[in-house]
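Please read it alongside the sequence and the coordinates.

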Amino acid sequence: MMKLIGEKVSLREATQEDVNELYYWKYEEKNQEAKKWNAPYISEGRLTREEYMNSWDKEYELFPCVPRLLAVIIDEKAVGTVSCYWVDKHTNWLETGIVIYDPDYWSGGYGTEAYRMWIDFLFESTPLHRLGMSTWSGNIRMMKTAAKIGMKEEARIREARIVNGEYFDSIKMGILRRGWESYRSKSCNRKEYRGELKH
């Protein structure tokens, strides 16, 4: 099982227990706080537990030994996911994402560490040229997290999303490989922690 180990957070291929825990957070937990921030304008159908389990196996690898989805583990519990999908294989461009469902772990640096480890892993393990992410202007936390790991705002589509009856901008952020290399060398000089890969 592949595992990336950080200071506060680990990323790993999900065990059956992890997937069960994530199913609870995604579909059964009553408050659903994460959905208020993580693309609330996209209506998702509810999967059965079996369908959700199976979804983890579909189109598993983007490259050899590079999964499209890992569980975010904090305090030995699965509390979220990091993910990615192709935008354009021809130009080596992936879109990426992170969600931490458990609000107890918001605003403590957990998401930033997990997202940085994921972006580092994707660039280190592949020939990818650019990684991007999409959010909405109400999700300030996600925009700050992306900026902290070196992403820049590249597009703002004005009033393209509606959340709770109010218009928000659609935000695109991204980082090129050369920007990541430059940012990483500065981060290493500042002795910021980067994840360690264990198979």
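## Surface and burial

Accessible areas here come from the Shrake-Rupley method with a 1.4 Å probe. In this predicted model, the chain exposes about 11100 Å², and carbon and sulfur atoms supply 48% of that area.

Of the 199 residues in the chain, 46% are buried, where buried stands for a relative accessible area under 20%.

## Overall build

The secondary structure of the chain comes to five helices and 11 strands. With a radius of gyration of 16 Å, close to the 16 Å that the globule rule gives for 199 residues, the chain is therefore as compact as a globular protein of that length.

Taken along the principal axes, the box filled by the C-alpha atoms of the chain is roughly 45 × 40 × 35 Å.

A search of the whole structure finds two cavities of 30 Å³ or more, and the second largest cavity has a volume of about 30 Å³.

The lining of this second largest cavity is formed by Trp 25, Glu 29, Gln 32, Glu 33 and Ala 34, together with Tyr 101 and Pro 103. Sorted by class, the residues that line the second largest cavity are four nonpolar, one polar and two charged.

How values were computed. Residues numbered from 1 in each chain as written. Predicted model: local features only at pLDDT ≥ 70, side-chain atom pairs only at ≥ 80, totals over all residues. Heavy atoms only, no water. 1 Å grid on protein atoms, 1.4 Å probe; cavity = no way out; pocket = protein on both sides within 12 Å on 5 of 7 lines; lining within 4 Å. Points joined across faces, edges and corners; volume = space filled by probe spheres on them. Nonpolar A, V, L, I, M, F, W, Y, C, P; charged D, E, K, R; others polar. Helix = DSSP H or I, 4+ residues; strand = E, 2+ residues; numbered from the N terminus. Rg over C-alpha atoms; globule rule 2.2 N^0.38 Å. Buried < 20%, exposed > 50% of the residue type's maximum accessible area, 1.4 Å probe, protein only.
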